[in-house]
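Here is a short tour of one protein chain. Look at the picture first, then follow the text from a single residue out to the whole fold.

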Amino acid sequence: MLKVLKEANINNKIVLLRLDLNVPISQNKIVSNFRIIKSIPTIEHLIKNNNKIVILSHLGRPKEGEVDEKYSLKPVALYLSEKIKQNIIFEKNWVNGVDFKDSNIIMCENVRFQNGEKLNSSELSRKISSLGDIFVFDAFGVSHRKESSAYGLIDLMDSYAGQLLENEINNALMMISNPVNPLTTIISGAKISTKITLISKLLNKSSHLIIGGGILNTFLFALGHNIGTSLFESDYVDEAKKIIKHKDFEKLIMPIDVVCSNNNSFDNPQTKPISMVQSNDKILDIGAKSIDKYVDIIKKSSTVFWNGPLGYVEQEPYDTGTVKIAKAIAISNCYSMVGGGDTLPIIEKLSLIDNFSYLSTGGGALLKFIEGKELPILKKLGAYT
Ligand code: ATP
């Protein structure tokens, strides 16, 4: 059984709280506050019970052992402080000790600036563990990793799962074990390599599995279509061919038409049937007929799980397929779950956050959990017993 914070009686302690505050920041401004907002309930619960909190998080992928202001958590500390209306002390040098002064909350600078974090140095974990009495893990997005400020602390401290983690697990479990059928899964995005296992796993469970993005291109190539200069992964064509031979392959929904750019220019997008794609075309989105077909499937679904943009969303109008699919899910009555670092910002930008049943903070961790892999941190916290 998952050892959860809300069932433990934790008062008047110093709690080390590992969060995933890895949010996009541009010119010191938070571009997406989603992960911060989702972390607040556990912070408030701990404060309500008279605890002091030392917040630990990573941000981006800095070079370990070096301080790089580009990856500083300071803007996050300022933002969170405003949101929860509490003073937060931001500690740059924290690993050898922290001082709460007149505050109840300290946020430590990016844990990935510390030597040894990524390799789960036991020496670093030991130092971090001496900063508090109890450990609460609420960073679902790193559940699949073994790092000092998360996995490394669990054996050293009395450890609990926070509320965000509990919600993530409950929603993902509901989606995998007990979905209300018909279940439609939409697996798209840049690379098939990161999602191939997920596709094979979900093909069994889903009534329909919709694909798009670079993943679609790899399948089209494997099926013998000309994909011109489109993004695809040649190393995974054989894997795609295995799925093509899968007994449930007919559940994998292919588009009817695609939108292409030509000669490396984004101007002059052209919608064409898949069979008409030429050698100098680049497939960047699904076409209007495909959108209609996908929307129709979504309308008839009771559960939808979506991960990954269906096209090159950074450049208009190649975001059209993704935007229309997002809107179709948002207005449908189905239970909808979405995950993925590039998928969520689209929903945020469209102001549709409240129209989805569950938005996960996890990218890789969520996909691995849904694939049925045991995530090391969840295992240590008792999620599989
Ligand atoms: P993450 O893996 O970070 O959790 P995600 O699962 O939401 O994110 P990714 O798999 O990273 O999504 O894919 C998103 C990227 O794929 C976007 O940058 C998008 O532009 C790109 N992409 C999707 N379709 C295409 C295409 N046809 N051609 C080129 N790029 C594409």
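**One residue**

Start with I169, which sits in helix α5 (residues 163–177). Keep in mind that this is a predicted model. Is I169 buried or exposed? A residue counts as buried if 20 or more other C-beta atoms lie within 10 Å of its own. I169 has 20 other C-beta atoms within 10 Å, so it is buried.

Which residues does I169 touch, leaving aside those up to four places away in sequence? They are L2 and A383. Now find L378. In sequence, I169 and L378 are 209 residues apart. In space, their C-alpha atoms are 9.2 Å apart.

**The whole chain**

Now step back. The protein chain has 13 helices and 17 strands. Its radius of gyration is 22 Å, close to the 21 Å that the globule rule gives for 385 residues, so the chain is as compact as a globular protein of that length. The C-alpha atoms fill a box of roughly 65 × 45 × 35 Å, taken along the principal axes.

How much of the chain is buried? Of the 385 residues, 46% count as buried. Contacts also reach along the sequence. Take those between residues at least 6 apart: 70% of them join residues at least 24 apart.

**Two domains**

The chain is divided into two parts: domain 1 covers 5–165 and domain 2 covers 179–371. Their C-alpha centres lie 34 Å apart. Where they meet, domain 1 gives 11 residues to the contact and domain 2 gives 9 residues. On the domain 1 side, helix α1 (residues 34–48) provides the largest share, with 3 residues.

**Around the ligand**

How many residues surround the ligand? There are 20, and the closest are G189, G213, G340, G341 and G363. Two elements, α7 (213–222) and β14 (281–286), each supply at least two residues of this shell.

Read the rows one at a time.

Note on methods. Residues numbered from 1 in each chain as written. Predicted model: local features only at pLDDT ≥ 70, side-chain atom pairs only at ≥ 80, totals over all residues. Domains from an automatic or database assignment. Contact = placed C-beta atoms within 7 Å. Helix = DSSP H or I, 4+ residues; strand = E, 2+ residues; numbered from the N terminus. Buried ≥ 20, exposed ≤ 12 C-beta atoms within 10 Å, placed from the backbone. Rg over C-alpha atoms; globule rule 2.2 N^0.38 Å. Near = placed C-beta within 6 Å.
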